[in-house]
Amino acid sequence: MEAQWRQGGRGRGRARPGDELAARSGAAARPPTARGRGGARGGARSAAAGAIGEGASGECRVLPSTSAAGPRAGKPALSSLRKFDEIKKANQAAAKKLVEDQLSSSSEDDDEDAEAKQGKILDKTFTIYTSQTDGDASELERTRQYMNDAFQSGAMTCLICIASVKRNQAVWSCCGCFCIFHLVCIQKWAKDSLFLVSSPLTDDDFGKKDYPWPCPKCRFEYKRSETPSRYYCYCGKVENPTVDPWLVPHSCGQICEREFKPSCGHKCLLLCHPGPCPPCPKMVTTTCHCKKARPVPRRCSAKEWSCHLPCGRTLLCGQHACENPCHAGDCQPCPRVSKQRCVCGRRTAERLCASPQWQCDQVCGKCLPCGNHTCEQVCHAGPCGDCPRSGKRSCPCGKTKFTLPCTEDVPTCGDSCDKVLECGIHKCSQRCHRGPCEICRQEVEKQCRCGKHTKRMPCHKPYLCETKCTKIRDCQKHQCRRKCCSGNCPPCDQVCGRTLGCRNHKCPSGCHRGSCNPCPETVDVKCNCGKTVIKVPCGRERTIKPPKCKQLCSRPPTCHHSTQEKHYCHFGRCPPCRQPCQKTLTCGHLCPVSCHDEALVKQTGLHQSAGPWEQPSEPAFIQTALPCPPCEVPIPVECLGQHEVSALPCHSANPYSCKRFCGRLLDCQNHTCMKECHCVTKLNSSADEKKAGPECSQCEEECTKPRPAGCPHRCVLPCHPGDCPSCLQMLKIKCHCKLSVLYIECL
């Protein structure tokens, strides 16, 4: 009897009541009508449950039909099961192939074809440029790297979403770092950046200034009007370029014609390409930096050149000429040393010719025009000037002016000082005095900085309450928590610390709103041997396929051979060795079959299924060393009776019977051995090879040699060699008359 969950199907599928009754009665159920997303799956399993029962021994068997329509109803169920098994096997094969393709890094025909195709596209892109440089492509390495990344699967990654950039997706390229982003990602990035910059502003201030937004990688700033809204090729000529397998991804295939940087008046000659344009390959006629050499033709990108002759231009000192080789820009300061006087002329010192003006550390000390004081300035040029104490002078508070000789000090006026104190509110109440005013000691009712509390206290003391600010800072996450805050909360001083899109690092910036900047780190993805490396954005190293390495695998062989077959660097186990085994067999020959030290052997019977509902598992394979097969080298072997020589495999090269009659001449010299081919022992080396040996049969025949004429008797001896002996039998002979009888010996 089937379980209820098997009769009603699994998942969201439901069997109809009629099907359940048919299953309980033992009849073959038809596929039930399914509802919901799991209908097909539940229906197939319900049909299987109705059509297949469980025997007493635990094995699956087809339930007998109890109605005339049973066989016809069972066919759809079996067909559904068969289709389900076929689809399952196809999915398993596809998954296995996907895993093998993901883990394999060995060169295949498809990879070689793709590389050849990529090489043709690059050559086509560089053709016009190399025609200007006589085939020299040394200046194209940087551009070639960008183009190789465009072809390499996973090398082009959008730093905003940390996903691969495919050739059929709309993209945008930064003109500063040439990094490529998804168009949708960069539009959202620009919108978020503009919102974060303009959010602290009021509605009146918004729109008065064109705030920029930065590139996620190089922070190159773009205006609001430069926010990308359409998908263009690299050179910007074609909108929505079509996907062409024979062009660089996202390229229009036309000549780039972008202005070179720095601008030289020429345009790029490559086909529409990612990355920076190469140096200008045009030929121009130009002279050296110092203009002494004759003009020579040179590449426009290297038109600045030096003739390496002395510059000869007069230096700023006006006395010497520049002795450096021909150079660009202004000449360096004069490096010569000369004796020069200071500004006041009292001291002389050796100094660089490029800095003739210098001051000594002596006070001037010259008598001023008043005749009472001396000049207190340090080494200076020109006259000392008037005495600073001459003319009208004010009292310390500045209210009264006096005209006194320079030898007398200005007295105080006796009025109140009235200078504004440091508090900025009250004035000094002391009489006119010399020196700084005292601190303000008036008691006032002060309001704290946050404006929530008041207190009477000396004016010079600040008043800060203990109330902590509860406003949210500009990060929109954390409270200010500053004591007695004025309301103008400072920026959040905490570290953001959110995990970046790479899932490896945390944001090191201060706490902020919006999305974090992309992780700036790059990770080296290496092949197994480490000689082939590609750089990918941090976070992509877990999903990108390792680079294909053209270096030979350097692992030691795992079999008995001293060297392994040549194959490229790879991950995982090395492929099985296909070299001849060449082990010495017991017979002395070398094993000619392929190496079998690591043969895959199928294991069977290890897992016992719990019941018919359990799906059969895939067979397990183990690696083990198999013994060498029997030697198959043909060896000529003679049969036991020396009738023939046949080539037999070495492992079975033993004397054999050819199944013929022995044929050796017996001792009777009349007959041959009629035994099946057998071994014959030679009694001596001089014996005839055709003569019978002790193993041959003995002749037991009677002598059949012909008798002499007139002898009617047989030879009384058994079969023998040589002539028969004379017949000794007596014959009775009558005379002519028949009367007398004589007894005589036979001839």
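Author: Happy to. Let's begin with E676, which is partly exposed because its relative accessible area is 41%. Keep in mind that this is a predicted model.

Reader: Which residue does E676 form a salt bridge with?

Author: The general idea goes like this: side chains of opposite charge can pair when their charged atoms come close. Here the partner is K659, and the closest N and O atoms are 3.4 Å apart. K659 and E676 both lie in the loop between β22 and β23, so the pair ties together parts that are 17 residues apart in sequence. K659 itself is exposed, with a relative accessible area of 60%.

Reader: How many salt bridges does the structure hold?

Author: There are 16. Another one joins R336 to E323, with the closest N and O atoms 2.7 Å apart. R336 and E323 sit in the loop between β10 and β11, so this pair ties together parts that are 13 residues apart in sequence. E323 is exposed at 58% relative accessible area, while R336 is partly exposed at 40%.

Reader: Let's do strands. In which sense do β11 and β12 pair?

Author: First, the general idea: in a regular strand the side chains alternate between the two faces of the sheet. In this model, β11 (residues 337-341) and β12 (residues 348-352) pair in the antiparallel sense over five bridges. To find your way, look for S338, which stands opposite R351 in β12. The two strands make a hairpin with six residues between them, and G345 in the turn has a positive phi of about 85°.

Reader: What about aromatic rings? How many aromatic pairs are there?

Author: Five. W172 is in β5 and W213 in β7, 41 residues apart.

Reader: Are W172 and W213 buried or exposed?

Author: Both are buried. They also belong to a cluster linked by ring pairs, together with F181, F220 and Y222.

Reader: Which nonpolar side chains form a patch on the surface?

Author: M730, V741 and Y743 do, with about 320 Å² of accessible area together. Y743, found in strand β24, counts as exposed because its relative accessibility is 56%.

Definitions and conventions
Residues numbered from 1 in each chain as written. Predicted model: local features only at pLDDT ≥ 70, side-chain atom pairs only at ≥ 80, totals over all residues. Heavy atoms only, no water. Pairing = 2+ DSSP bridges. Helix = DSSP H or I, 4+ residues; strand = E, 2+ residues; numbered from the N terminus. Patch = residues over 30% accessible without salt bridge, like charges linked within 9 Å, V, L, I, M, F, W, Y side chains within 5 Å. Areas by Shrake-Rupley, 256 points an atom, 1.4 Å probe, with all protein chains shown as cover. Salt bridge = Lys/Arg side-chain N within 4 Å of Asp/Glu carboxyl O. Buried < 20%, exposed > 50% of the residue type's maximum accessible area, 1.4 Å probe, protein only. Phe/Tyr/Trp six-rings, centres within 6.5 Å; stacked < 30°, edge-to-face > 60°.
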